[in-house]
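Here is a short briefing to read alongside the model. Have the sequence and the 3D view open as you go.

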Amino acid sequence: MSNMQLDTLRRIVQEINASNGLHESLDIMVNQVSAAMDVDVCSIYLLDERNQCYVLMATKGLNSEAVGNISIPLSEGLVGLVGQREEIVNLENASEHERFAYFPETGEEIFNSFLGVPVMYRRKVMGVLVVQRKLKQDFSEAAESFLVTLCAQLSGVIAHAHAVGSTDVFRKVANTSNYKIFKGVAGSGGIALGRAIILYPPADLSAVPEREAEDISEELELLEQAVESVRNEIRSLDEKMQDSLMSEERALFSVFLRMLDENALPEEIQDEIRAGSWAQGAVKRVIDKHSALFAQMEDDYLRERVSDLKDLGRRILACLQEADSSHKELSSDSILVGDEISTAALVELPVDKIAAIVTSDGAANSHMVIVARALGIPTVVGVTELPVNTLDDVEMIIDAYQGKVIVNPPRRLRQRYKEIQKEEELIAKDLKLYETKDSITPDGVEVRLFVNTGLMIDVVRGVQRGAKGVGLYRSEIPFMLRDRFPGEEEQRAIYRQQLSHFANKPVIMRTLDIGADKELPYFSIHENNSALGWRGLRFTLDHPEIFSSQIRAMLKASIGLNNLHILLPMVTSVSEVEEVLYLLERDWLAVQEEEQVKINKPKIGIMVEVPSVIFQIHEFVELVDFFSVGSNDLIQYLLAVDRNNPHVSGVYSHYHPAVLKALTYLVNECHKYNKPISICGEMAGDPLSAILLMAMGFNTLSMSSSNILRVRKAICHTSMEDAEKLLKHVLTLNNPLLVKSWIEHYFRNNGLEDMVKTNRLLTN
Ligand code: PEP
Ligand code: MG
């Protein structure tokens, strides 16, 4: 593709991204494409799934009256052919083709050449883009690749619009008061009915939710104050830069001030407020509108002014947000909705008031989801099409078993889900019986169940649900709750709580595991490939001062309790463990010396997360006392699939035969050297896979407190003999879905049907 084409492409995409809604986007697309390619016709047909046809949504060149009125059945016409074949159709003379269908409303008969490109989104045809010329000549390869690239970039916009419902009512504006179901990934199971509260990042124009002004004059007042303080900000910047910038370089400041003149941007923003929007939303709209106009300009210099305009918008927004006292209080039916919600942001909220969480980003084993699961909050993530900023205060149902978000549910559905909630309560009551039972199979094999902790609530629930120890204490969680690295004494007190609640039972404390999606609010790490980057032990070995203060705090906390075990995250090589052992020995001696007491040396283990460890067990056994599989990360690295990326969440599966084979091998290796091996990834807390892990011979399964009772029930109902047979069989299967359904089948026939009841819900 030539530079010029690339430039055009970039401009079109920019303009579309700044446009208001689907119809405007499609109109921009057909106009721009027909100008850029110099064609006589450019049209877009979108798939109307309900009526099984393609509908003409926008055209440049055909009769505009036909828009919204031409429907082409899926198996008819050249448009239908492009959709059926899911590939480009490039014809010199369209009317000679056997699939040519003539629609008199369009005035199409005079166009000879035809190039149709499917608009594909996630393997699905969303529509067809067509260009036509009078001239009898097929289109060049460059034309084809231009359109393919454009369609690939725009399919997301169309998919999004589809999801919001704008194509349901062709040529009508999207209506969010419509009942709509969005599909995402089930994060933490459960059902919730409530209203959305949007959590959005500050000073980000694109994230501002649409909201009606509660009091128009108050919003106008807020705007005036914000604009005035931005004016002052710019004036003082200008003064400050007087000596360091030349006058023409400072010209931008006067441009900004002119834009802030009462009858320039502020007036437009005021108009939006008077039309009913709250001030923040009004700023966003006006800046978006101007950005779209700028983006269309031919002049490069002017086009680049978009970023200045957005900068100005962000400044106004930041002032408005600073003054915003309208933070909605959470109530017991609040459903948190955001593009991305970090663990730190979550745990800062009154978590007992959150009915459910929904995000457009993220995947089932994102860190935030793990914490939500521990807290028992129904969570759906990776809802890629969710129009987050239009959902403020909207009523919704979260079906976190099926990964569904039901917006503006009809009454009948609300009622049905309320009934399901009641059924849930009954199931929970039945599970409560397992709080005091032992985890013993019907043929007498005991499986140790430990709890994963981070917050105090995990400890309380773990004890209540009969956990025999802590299999993974995620020490990064208290780090996330602060605004700086906690000091040694502060840490000691926190660790002591964990250790003393489980006195006489093992507590496995993992050293700080930050990096990738585990961010500290006061120490951000920006990396392109963060899952493969500076994380876990790689980080702490580079910061021995942070590592040592943690180790020292753990050792001090264990005085007199002697139940501390230390676990190292993200180990890749033997040399890393050797380094740690050196630091540990040094700190252990020093702390005993300082405290004048004898401290039992803690047992040391490593997490098996990086696949390299699997092949070096025979070397690690020389250095450590135990192993713990971090299956969340191990799967991500074994299957090369980002555990946080919703686009590939279908590839991530703990039923993958390669995962099962690797784990079987790993357990055998550890047992060969008489070393205990446990597993603390989410896989251990899924009753279906827990049965397989028990059959493999894992010594301990460690899981979120919210899964302990379910797993215990599964163990109490599955003999080791059966589990071993199941494992033997599934190891012969080559497909994760087959593995899962094989175990589900067993559960259904063995009194465990409530654990596989995903199909009892209504929607699809
Ligand atoms: C894991 O990777 O399986 C694990 C337990 O660690 P985390 O989820 O905290 O990365
Ligand atoms: Mg991990």
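Which elements do the buried residues of α22 pack against? They pack against α21 (657-672), β21 (677-679), β22 (700-703), α23 (705-717), α24 (720-730) and α25 (736-748), where contact means heavy atoms within 4.5 Å.

Please keep in mind that this is a predicted model, in which local features need pLDDT of at least 70, side-chain atom pairs count only at pLDDT 80 or more, and totals for chains, interfaces and linings use all residues. Residues are numbered from 1 along each chain as its sequence is written, chains are lettered from A and ligands numbered from 1 in the order in which they are written, and side-chain values use heavy atoms, with hydrogens and water left out.

**Helix α22**

- Helices (H or I, at least four residues) and strands (E, at least two) are DSSP runs, numbered from the N terminus.
- Among the buried residues of α22 are P687, I691 and M696.
- At the start of the helix, a side-chain oxygen of D686 comes within 2.9 Å of the backbone nitrogen of L688.
- Just after α22, G697 has a positive phi of about 105°.

**Around ligand 1**

- Ligand 1 is surrounded by 15 residues, and the closest are R474, R510, K518, G630 and N632; a residue counts as near if one of its heavy atoms lies within 4 Å of the molecule.
- An oxygen atom of ligand 1 lies 2.7 Å from a backbone N or O atom of N632.
- For G630, a backbone N or O atom lies 3.3 Å from an oxygen atom of the ligand.
- R643 places a polar side-chain atom 2.8 Å from an oxygen atom of ligand 1.
- Taken alone, ligand 1 exposes 290 Å², and the protein buries 100% of that; areas come from the Shrake-Rupley method with a 1.4 Å probe, and for residues only the protein chains shown count as cover.
- β16 (470-474) and α20 (631-638) each supply at least two residues of the shell, and the largest share, three residues, comes from α20.
- The shell divides into four nonpolar, four polar and seven charged residues.

**N452 in strand β15**

- N452 is found in strand β15 (residues 448-453) and is buried, with a relative accessible area of 4%.
- The side chain of N452 makes a polar contact (2.6 Å) with the side chain of S702; such a contact is a pair of N or O atoms within 3.5 Å, and within protein one must be able to donate a hydrogen and the other to accept it, while residues adjacent in sequence count only if both atoms are side-chain atoms.
- A polar atom of the N452 side chain also lies 3.0 Å from the backbone oxygen of C680.

**Aromatic rings**

- The structure holds nine aromatic pairs; rings of Phe, Tyr and Trp (its six-membered ring) pair if their centres lie within 6.5 Å, with planes under 30 degrees apart counted as stacked, over 60 as edge-to-face and the rest as tilted.
- F479 and F485 form an edge-to-face pair, 6.2 Å centre to centre with 70° between the planes.
- F479 is buried, at 1% relative accessible area, whereas F485 counts as partly exposed at 25%.
- Ring pairs link F479, F485, Y522, F523, W534 and F539 into a cluster.

How values were computed
Buried < 20%, exposed > 50% of the residue type's maximum accessible area, 1.4 Å probe, protein only. Nonpolar A, V, L, I, M, F, W, Y, C, P; charged D, E, K, R; others polar.
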